[in-house]
Amino acid sequence: MKLSFPLVAIGLEVSMIVLFGFFVKYETEHNPVQQQYGTNATKADKFLELHPLFQDVHVMILVGFGFLMTFLKKYGFSSVGINLLIAALGLQWGTFIQGILHNKGQTIYIGIKNIINADFSTATVLISFGAVLGKISPVQMLIMTILEIAVFAGNEYVVGEIFQASDIGASMTIHAFGAYFGLAVAGVLYQSGLRRQNEKEESVYHSDLFAMIGTLFLWIFWPSFNSAIAETTEQQYLAIVNTYFSLVACVLTAYAVSSLVGKRGKLDMVHIQNASLAGGVAVGTCADMKIHPYGAMIIGSTAGIVSVLGFKFLTPCLTDKLRIHDTCGVHNLHGLPGVIGGLASIVAIELGASKASTRTTMLMQAAALGSSLGTAIVGGLITGLILRFIVCVQPSMEFFFDDSAYWEVPKREEGDNE
Amino acid sequence: MKLSFPLVAIGLEVSMIVLFGFFVKYETEHNPVQQQYGTNATKADKFLELHPLFQDVHVMILVGFGFLMTFLKKYGFSSVGINLLIAALGLQWGTFIQGILHNKGQTIYIGIKNIINADFSTATVLISFGAVLGKISPVQMLIMTILEIAVFAGNEYVVGEIFQASDIGASMTIHAFGAYFGLAVAGVLYQSGLRRQNEKEESVYHSDLFAMIGTLFLWIFWPSFNSAIAETTEQQYLAIVNTYFSLVACVLTAYAVSSLVGKRGKLDMVHIQNASLAGGVAVGTCADMKIHPYGAMIIGSTAGIVSVLGFKFLTPCLTDKLRIHDTCGVHNLHGLPGVIGGLASIVAIELGASKASTRTTMLMQAAALGSSLGTAIVGGLITGLILRFIVCVQPSMEFFFDDSAYWEVPKREEGDNE
Amino acid sequence: MKLSFPLVAIGLEVSMIVLFGFFVKYETEHNPVQQQYGTNATKADKFLELHPLFQDVHVMILVGFGFLMTFLKKYGFSSVGINLLIAALGLQWGTFIQGILHNKGQTIYIGIKNIINADFSTATVLISFGAVLGKISPVQMLIMTILEIAVFAGNEYVVGEIFQASDIGASMTIHAFGAYFGLAVAGVLYQSGLRRQNEKEESVYHSDLFAMIGTLFLWIFWPSFNSAIAETTEQQYLAIVNTYFSLVACVLTAYAVSSLVGKRGKLDMVHIQNASLAGGVAVGTCADMKIHPYGAMIIGSTAGIVSVLGFKFLTPCLTDKLRIHDTCGVHNLHGLPGVIGGLASIVAIELGASKASTRTTMLMQAAALGSSLGTAIVGGLITGLILRFIVCVQPSMEFFFDDSAYWEVPKREEGDNE
C-alpha cells in the first residue's frame, strides 16, 4: 500500500482533470450561436427542477450503499470509506465515459441527466463492491471502478440505443449487471479459506444498526432512483407510485419468509437489511409502465420471498459448490431481483402494459437481459483476472474483513465485540 | 411466533393486493372521457411539485420514528425493524381505508395527497407503538396497525368533513390521538412487574446517539410534515415558518428545564431526544394560521417546558398510580403537546388568527379535540382488549425490551453494555 | 451549571420572543397597500421553490455538523446535543440581526433567504464550536453564539454591501471567519495541560462511524449550500456543478495524501472525515463563476492535499508553538481551504472567470478576505476574553472532552472503550 495507492489515486485524479479539461463544458455554454439569455436560464431551470430527485439518488449512493455495508464488525471504516472513494472516482469517470459514448466523442455539456447517470454508473460498481467486500484492496477497487464503468457504459449503450429496450429503474443494466459482474470478480479472486467460518465475517449489535441507516435511506429514496431519468412527468409519476407500492409489499413478504425459515421463527437482520429492498430492484424495469399498483405489489412480494430464500439457501451453496463467496449477498438483493425485473417487463409487455411513447418489445427486453448478464459475467471474469494477476495487491487472507489492513484503527479494549 | 407471524403477514399482504386490485388506480387514469394528454401531465406535475415535501415526511416516518426508539440498549433491532414493518403495512392499509372513506367506496385514484395521508396514518400508529414498545409482539403490532388506522381514519373524517375543523399539522388527529390510543392499549396490556426497575429498560451510550439520528431528522423535516397538505401555497408558507420558529424556541426551553430539574443541573438525554420536538407537535393545529412568528415561539416555548416536566413528574406517576407504562414517554412528546396544539388553535381563533379560506370556529376546534381524545381512548381500550384476549401472543415479561425474543441477535461478549 | 444555564437559556429565549414581537413579520404581510392576492401567492411560490435547497442546508447544520463532531469517545452527547442548542439559538438570533442590518432597523419580513441566511450564520458558530469542542461550557457557548453572530453579520455586511465582493459559498465569510474566530477563542481559553496526551481526546471504533454520518451528509448537500443564495438560476446551476466536481476531486487527493503520510500507508479516519470536505469549502467563493469543471477539480484537489497536510503537520504545531488547541482541526477543514477559496476567486477573476452580473474586482475580493480574517481574529480574541473572565463558567480540565460534566450519562461497564 505504501506507495502504490497514493500514486494510483493521484494519477487517476490528474487523468480526470486532463480529460475534463479537453472534453467537458457547462451545459449553459452549449450552442453559442444562440445568444438570448433565455436559453441558458431554461437549461438551468430544468436542472433545478430535477435537482431534488438527483439529491435523493446521491443520498442513496453515499449514505445508502455506504452504511448498508457497515454490518461487518471490523470492516466499517472500509465499507463507508472505500464506498466514498469509489463514488468520487466513479462520478468523474462515469460522467466522462457515458458522455463520450452518447456524444460520439464530442464535447460533453454537463446537465442534470449527466450527473444522475454518473451516480447510476457508480451504483453499479458499489453493488459489485458488495460481492468482494473485505477481500480486495483499495488499489484493486480503483482499477475495478475504471474497468467496470467502461463495460457498464458499453452495455447500457447497447441496451438503450441499439435494442431500444426499456429499463428506467435499471433492474437489468445496473442491478443484475452489477451483481453478476461482482460475482464473476469474486469467483476469480476466490480463496479456499473463505469456506471456513471466519469470526470477522460477522456483525455485532451496533454494526447491524449502522447498516439499517443504509437500508432505510435506500428504501425511502428508491422511488426517486427509479424515476429520475423518466422522459415525461407522467412516466415519472408512474415510476414513483409503482416503486413505492412494490417496496411496501416486499417488506411484508420478506419479514414473513425470514421468520418462516429462521430458528424458532426468529427474524434475521441480514434478511431485513437487504431483502426489504428487493422490491425496489425488481420493479425497476417496468416502473414506468402501466402495471397497476397491485401489479407492482405482486412484483414486490415475489422479490421479497425470492431474496430471503436466496440468502438462506443459495448463498451458502454458491460458496461451497461454485467457489463464489458473496460477502453482502448481492446476488439476493440485486442479482435475482434484477433478473425478476427483466422478466417482469417481458410479462408486462405481453399483458399490454407497455408505454405509449416507446417502441419497447418483448424480444428487445429479452435481448437486453441477456446482454446485461453476458457482458457482466465476461467483463467481470476479465476484470477479476486483471485484478488477480496484474494489479496483484490483494490483502492476505488474515486481513480479510479487517480494517486494520488499510486504516489506523482506534485501540479496542475488552468490549471489542460490542 | 413460529407460524402465526408469517401467516398473518402473508395473509395481510395478499389481502392488500386483492383490495388494491379492485379499488386502486393511477391518478392519471382518472376521468377517461377527457382525452387530452395535458390533463394527465398536469396531474403528474402537481405530484412532482409536492414530491420533495412528501419525501421529507417519508424520512421522518422511517428514519425519524425508527431511530428515535433505538434508545433502549437491547431493543434496537425491534425499534427500527418493527417500525419498518408497521410502516409498510400502514402505508398500504392507510391508502386504502382513507381513500375509501373520502371517496364513499368508489375507486381510489392515487395522487400525492393519498400517499402523504397514508404516511400520516402510519405516523399515528408509530406514536402508539412508542407507548407499548418492548412489551408487544410483532403479530400484535400488525393487528394493532389495522385496527388503529381504521379508527384514525374514522376520527379524521369526522374532524375534517363533519366538524370542518382545522388541523393542518394534525396535533389533535395524529399526535394526541396516537398518544392516547397507545396509552389506552398500554393500560390494558399492563403487567405489574413493569413497576419494578428493569435493567433492560435503559439506554447505553451509543444507543442514545442512534436515537439522536431519529430526533434530528424529525426536527429538521417537521416543517414539511406540518405543511404538506396545505391547500394554498400561502398556507404552506405559513406552516413552514411557524413550525420552524416553534421548534427553535422549544429547544431552548426544553434544555433549560431539563437542566433545572436534573441532578446538579445535568441535562437528560431522554428530554433532549423528545422534548426538543414538542414545539413541532404543539404548533401543528394552528401552523397555517397567522399567529405571528412570536406567537409560534410562545407555543413552542410552552411545549418544551410542559414536555420536560411531563417526563420528570408525570410519567412515573402514570405507571405507579394509573398502571399505564409508557415506554417512550409519548404522552410527553405527543399527548400533552397535541392537546396544547388543540387549545392553542382555540385561542388563536379567539384572537382573530383564523384562516380566510375556512370556516373554522372555536366550537368546532373544541369538538375536534374532544372527538380525537375520546375516539382514541375508546378505540385504544377496545384494541387493547382484542390484543390481550384474542390475539394473545404477547411476549412473556422476561422478554420485555429484549430483541432476542424475535430476532437472531449477534453474540455479545464482555462489553455488552456499551 | 445548576442555575446559570437555565437562567441564561430562558432569558435568551424570552429576549428572542420580544425582539420577534417587535420586528419580525411574515413575508406575505409585506406591502399592505397592494391588495391583490396574487402577490402573496407569488412570494409563497418563491419560498417553496427554494425550500428543497434550504432543507438540504438544514440537514447539514443539524445532522452534518452535529455528527461530524461525535468522533470523541466520551463527548458524543455534547457534540450533537450542544450543536442542536447552538443552532436553535443561532437560527433565531441570526434571523434577527441579519434582518435588522440589511433593513436598516426596519421590520423584517421573513422569506426563504432570511432562514437560509440564519442557517449560514449558525454554521459559522458551529465551525468555531469545533475549535473549542470539549473545553467550553454550554453557558459559554450560548454567549459565544450571540457575540459571534453579531460580529459575523457585521463582517458579512461590509463584504457584501460595501466591498460588493463575491462570496456565494462563503469560503471567506463563513468558513475562514468561523475557523479563525474559533481559533482565537481557543487561544484565549488555552490551558497548558492540553499539550499532554489526553486519553479522552480520542475516538473509538463506533464513534468514528457516527462521525462519518456527519461527513457524508455534509458532502452530499454541499452543492446546495454553495448555491442556495445564488441570484439567478444560471448561477445556481454553476454553483452546484462546480461544487460537485470540486468535492469528488478532493476525495481522491485527500485519500492519497492521507495514505502517503500515514504509517505503513494506512489511512487516517480524521483525514477522511474532514479533508474529504475541503473541496466544498475551497470552491465556495468562486462557485458561481465560470471556472470550468476542470478548474473546480483543480481547486478541490489542492484543498484535499492542503487539508491533510494541515492535520498532519500544522495542528500539532499550533498546539505546541502557538498554544492554540484546535479540537476538530477546523483550521484544516475550514481555515486553510477558506483562504484558498478567497485566493482562488482572485485568480479566477484575473483569468476572466468573473460573473457578468456583478462588479466583483480582484481588489475587493482581497479586501473581503482581509476583512473576514481580521474581524474574525479580533472578534474571537475579545469574545475569548469575555468568556474567560466575565462568563467564567469554564469546565475544569479534568472534565474536558467528557459528557459527564453536563449530562446524565448511562452507566458503562467493562466494554466502555468500544
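Reply: Start with exposure: a residue counts as exposed when its relative accessible area is over 50%, as buried when that area is under 20%, and as partly exposed in between. Keep in mind that this is a predicted model.

Me: OK, is B:E49 buried or exposed, then?

Reply: B:E49 has a relative accessible area of 54%, so B:E49 is exposed.

Me: Which residue does B:E49 form a salt bridge with?

Reply: The partner is B:K46, and the closest N and O atoms are 3.7 Å apart. B:K46 is partly exposed, at 44%.

Me: Why are B:E49 and B:K46 separated by about one helical turn?

Reply: Because they sit three residues apart in helix 2 of chain B, residues 37–68.

Me: Why would such side chains pair at all?

Reply: Side chains of opposite charge can do so when their charged atoms come close.

Me: How many salt bridges are there over all chains?

Reply: The structure holds 15. One of them joins the side chains of A:K200 and A:D402, at 3.0 Å from N to O. A:K200 is in the loop between helix 6 and helix 7 of chain A, and A:D402 is in the segment after helix 13, so this pair ties together parts 202 residues apart in sequence.

Me: Are A:K200 and A:D402 buried or exposed?

Reply: Both are buried.

Me: What about B:E234, what does it pair with?

Reply: B:E234 forms a salt bridge with B:K290, with 3.9 Å between the closest N and O atoms. That pair links distant parts of the chain, 56 residues apart: B:E234 is in helix 8 of chain B, and B:K290 is in the loop between helix 10 and helix 11. B:E234 is buried at 7%, while B:K290 is partly exposed at 41%.

Me: Which residues are linked in a network of salt bridges?

Reply: A:K73, A:E199 and A:E202 are.

Me: Which helix of chain A gives the largest share of the side that touches chain B?

Reply: Helix 8, with 19 residues. The residues on that side of chain A divide into 35 nonpolar, 16 polar and ten charged.

Me: And how much area is buried between chain A and chain B?

Reply: About 5,800 Å², with 73% of it from carbon and sulfur atoms. A:Y205, A:Y237 and A:L252 supply 14% of what chain A buries against chain B, more than any other three residues.

Key: Residues are numbered from 1 along each chain as its sequence is written. Chains are lettered from A and ligands numbered from 1 in the order in which they are written. This is a predicted model: local features need pLDDT of at least 70, side-chain atom pairs count only at pLDDT 80 or more; totals for chains, interfaces and linings use all residues. Side-chain values use heavy atoms; hydrogens and water are left out. Buried area is the accessible area (1.4 Å probe) that two parts lose on being put together, summed over both. Helices (H or I, at least four residues) and strands (E, at least two) are DSSP runs, numbered from the N terminus. Ala, Val, Leu, Ile, Met, Phe, Trp, Tyr, Cys and Pro count as nonpolar, Asp, Glu, Lys and Arg as charged, and the others, Gly among them, as polar. A salt bridge is a side-chain nitrogen of Lys or Arg within 4 Å of a carboxyl oxygen of Asp or Glu. Buried means under 20% relative accessible area, exposed over 50%, partly exposed in between (1.4 Å probe, protein chains only).
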